[in-house]
Amino acid sequence: MGPFVICALLLLKVTLGDACTSGQFTESGQCCSLCPAGSEVLVECGKEDTKCTPCPKGKFSSSDGLGPCKPCTTCPSRIPTHASCSATQDTQCKCHNGFFFLSQFGLCAPCSKCTQAGEGVTRECGLQGDTKCEICASGTFSEELISTKPCNNCTQCSDSEVEIRPCMPYSDTLCMDKKLHILSRPPLDGSDTPQWPGANEEETSSATGTPKFTPPDEGSSNNILVYVSVLAAVVLGLIVYVAYKCWRSCKQKRALSKARAAELGASPEGEKLQSDSGVFLDSHSIQDNQPSKGTKRDSKQDNRLYINLPPNRQEEVECLLQEREGRGWRQLGAALGYEPEQLDLFGRGEAAAHTLLSNWAQKEGSSLGLLCSALARIERPDVVTALNSPTQGVSVV
């Protein structure tokens, strides 16, 4: 074949490349044909055009192409067959709603969702495979962030509306009624004709032909000043209120610290008990909060550790805290200094009260005096009585 023919063929390929679907040509420059669905290539394109043959039994080809037929899928025993394999369609295995058959792994996989803004479903998840998503074409949109629906058609503004924002793949058209006249001023002569800002700023004198300037209305400027003044007053009031609350809180904390320091300095029996939340209590306040019923214990016995209580006594206390919802283990945990996130974590188990007290008992200073003080603050004298009831034959010191 001469150089001229080769150059002509190359030129023909470049010229017809976009029109040739297969992208391949014969030696004579003819576009190679694709094998239709249900067939495969018998003789590849070369000197002559492509020759095709039907797919053998057990294989299929669902689209036009130049590749071989694919083997049919076999549904697993636990997944029913919806449609048998044919020459143009693979076996269809029926999964439950929300799932599709993944032939590569032979199992039902959960359907995907369109997760990008402006995407819509072009093929629903089902027998044909997983969900297929594409960016919404011109004239359509989707405002859902996680979508399982196709794109919607854009709204067309009516003759009585004006388009403020055009339709985009992620938002619909924004229209406004022309009669709203948001930017208009009230007419000076009482007529219904709206006057837009700046319409009367320049008027041409019929006699001289020179422009005449009309000063703008001062009412709108005065209104803006009033609004700004009110807003500034509100902000200033909020700042003063917050500063006052902070000052008062600090003052109360200082007074409370001085009172406790004076009480501890005056009483030789005063003891500081510190919980994880940083709250300090003396033994007298703990003793006052304990119920009058049952056996009272002095401040020297408040140093007993909860972890040394007999198991049956701990179970009794945990049951009392687990049964009450209004003032139960969660309120006790807050009084002991636990954060809400920690309490939520304890609440996931079946025995939340046991988890809370077991965790607290491992900490330093987990004495019965501190626990009784926390129970008194949440008004649970019954649990304090159970803690202070006498034990027989078991020492908890």
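Tyr244 is partly exposed, with a relative accessibility of 41% (buried is under 20%, exposed over 50%, partly exposed in between, with a 1.4 Å probe and protein chains only). The model is predicted: local features need pLDDT of at least 70 and side-chain atom pairs pLDDT 80 or more, while totals for chains, interfaces and linings use all residues. Residues are numbered from 1 along each chain as its sequence is written, and side-chain values use heavy atoms, without hydrogens and water.

There are 3 aromatic pairs in the structure. In one of them, Tyr244 and Trp247 are tilted, at 6.2 Å centre to centre and 35° between the planes (ring centres of Phe, Tyr and Trp, the last by its six-membered ring, lie within 6.5 Å; under 30 degrees is stacked, over 60 edge-to-face, the rest tilted). Because they are 3 residues apart in helix 2 (residues 219-266), about one helical turn separates Tyr244 and Trp247.

## Chain overview

The protein chain has 9 helices and 18 strands (DSSP runs numbered from the N terminus: helices are H or I with at least four residues, strands E with at least two). Of its 397 residues, 26% are buried.

## Helix 6 against helix 7

Helix 6 (residues 340-347) packs on helix 7 (residues 352-361) at about 130°, with the axes 8 Å apart (axes are lines fitted to C-alpha atoms over the stretch in contact; angles run from 0 to 180 degrees between N-to-C directions). The two helices are therefore oblique (under 35 degrees is roughly parallel, over 145 roughly antiparallel, 65 to 115 roughly perpendicular, the rest oblique). Leu343, Phe346 and Gly347 of helix 6 meet Ala352, Thr355, Leu356 and Asn359 of helix 7 in this contact (heavy atoms within 4.5 Å).
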